[in-house]
Amino acid sequence: MFRLVTTLALCAWSTIALAGDGAFSTHLFAKFQTKGCTICHDFFEPQRNGLAFGNHKGRSPEMCTACHRKDVTGFDHPEEWFAQPGLYTSGMDAVQTCEATKTALHAKFKSTALMKRQLRKHLFEDPRVLWGIEGATPLSGMLPNGKLEPDLIKGGLPLWKKQVEEWLEHGMQCR
Ligand code: HEC
Ligand code: HEC
């Protein structure tokens, strides 16, 4: 019995060790694709049924904070609740999600050091990203009318930071 438990524990350990290889597809792909992130990035994408073409039709950028108020989002600057096209969207595979993220940041024109700094800043401090991570702020996932987005990034901020750092350390490769 003891030997079986030890073997199982070793198997589990080696799986975790292998999983920590810093590839975008290992942990980050699934997390980037939670609805808490993509529903906003899809907002102006008609082929992804973006909300701007659905129940948010006709709502101007000036109107967002009338409903997504500070006491709903918890943002220091409520106007940071906004959407724009041209980001990674739902329906992309791991390589596409990763490449689109880099394109949005104009990676082609930046050194690795600058990319890392900007990615850390965005992924660890941007209020919209923190809103999409379960438990990162007391109001993460909160929507107007007492609604809540259920599909947020699970595991909390420390695990998210660890997994992003692994990807950065391995050269931000899109595989
Ligand atoms: C309220 C809408 C909204 C939510 C929620 C949101 N984003 Fe974004 N995201 C944006 C907007 C708008 C931009 C582009 C403007 C900017 O970066 O300030 C952006 C840009 C990005 C970029 C490109 C980097 C950059 O600075 O342009 C990445 C990467 C990103 N978001 C990841 C995420 C992840 C991961 C989540 C979920 C944890 C998420 N976003 C949740 C709206 C959102
Ligand atoms: C009249 C109030 C109102 C306005 C104005 C408004 N929203 Fe919303 N928004 C809501 C409500 C309520 C929800 C909750 C889901 C639903 O009922 O559609 C929501 C949901 C969302 C979601 C989906 C979040 C999720 O995880 O399901 C996004 C993204 C969003 N709004 C972005 C925006 C943006 C960007 C603007 C401005 C262009 C905006 N909203 C303007 C009321 C509003």
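Mentor: Residues are numbered from 1 along each chain as its sequence is written, while chains are lettered from A and ligands numbered from 1 in the order in which they are written. This is a predicted model, where local features need pLDDT of at least 70, side-chain atom pairs count only at pLDDT 80 or more, and totals for chains, interfaces and linings use all residues.

Trainee: What is the mean pLDDT of the chain?
Mentor: pLDDT is the predictor's confidence in each residue, from 0 to 100. Here 89% of the residues reach 70 or more, and the chain's mean is 92. Over residues 4–19, though, the pLDDT is below 50. So that you have the value asked for: the mean pLDDT is 92.

Trainee: Which helix gives the largest share of the shell around ligand 1?
Mentor: The shell holds 20 residues, with Cys37, Cys40, Ala104, Arg128 and Gly132 the closest; a residue is near a molecule if its C-beta atom, placed from the backbone, lies within 6 Å of it. Helices H3 (35–41), H6 (94–104) and H8 (127–131) each give two or more residues, helices being DSSP runs (H or I, at least four residues) numbered from the N terminus. The largest share, four residues, comes from H3.

Trainee: And which helix gives the most to the shell around ligand 2?
Mentor: Of the 22 residues there, Met63, Cys64, Cys67, Pro144 and Glu149 come nearest. At least two residues each are supplied by H3 and by helix H4 (64–67). With four residues, the top contributor is H3.

Trainee: Is Gln163 buried or exposed?
Mentor: Gln163 sits in helix H9 (residues 156–169). A residue is buried if 20 or more other C-beta atoms lie within 10 Å of its own, exposed if 12 or fewer, and partly exposed in between, with C-beta atoms placed from the backbone. Because Gln163 has 20 C-beta neighbours inside 10 Å, it counts as buried.

Trainee: How far apart in space are Gln163 and Gly22?
Mentor: In sequence, they are 141 residues apart. From C-alpha to C-alpha, the distance is 7.5 Å.

Trainee: Within what arc do the buried residues of H6 fall?
Mentor: The buried residues in H6 are Thr97, Cys98 and Thr101. They line one face of the helix, because, seen down the axis of H6 and taking directions from the axis to the C-beta atoms, they fall within an arc of 95°.

How values were computed:
Contact = placed C-beta atoms within 7 Å.
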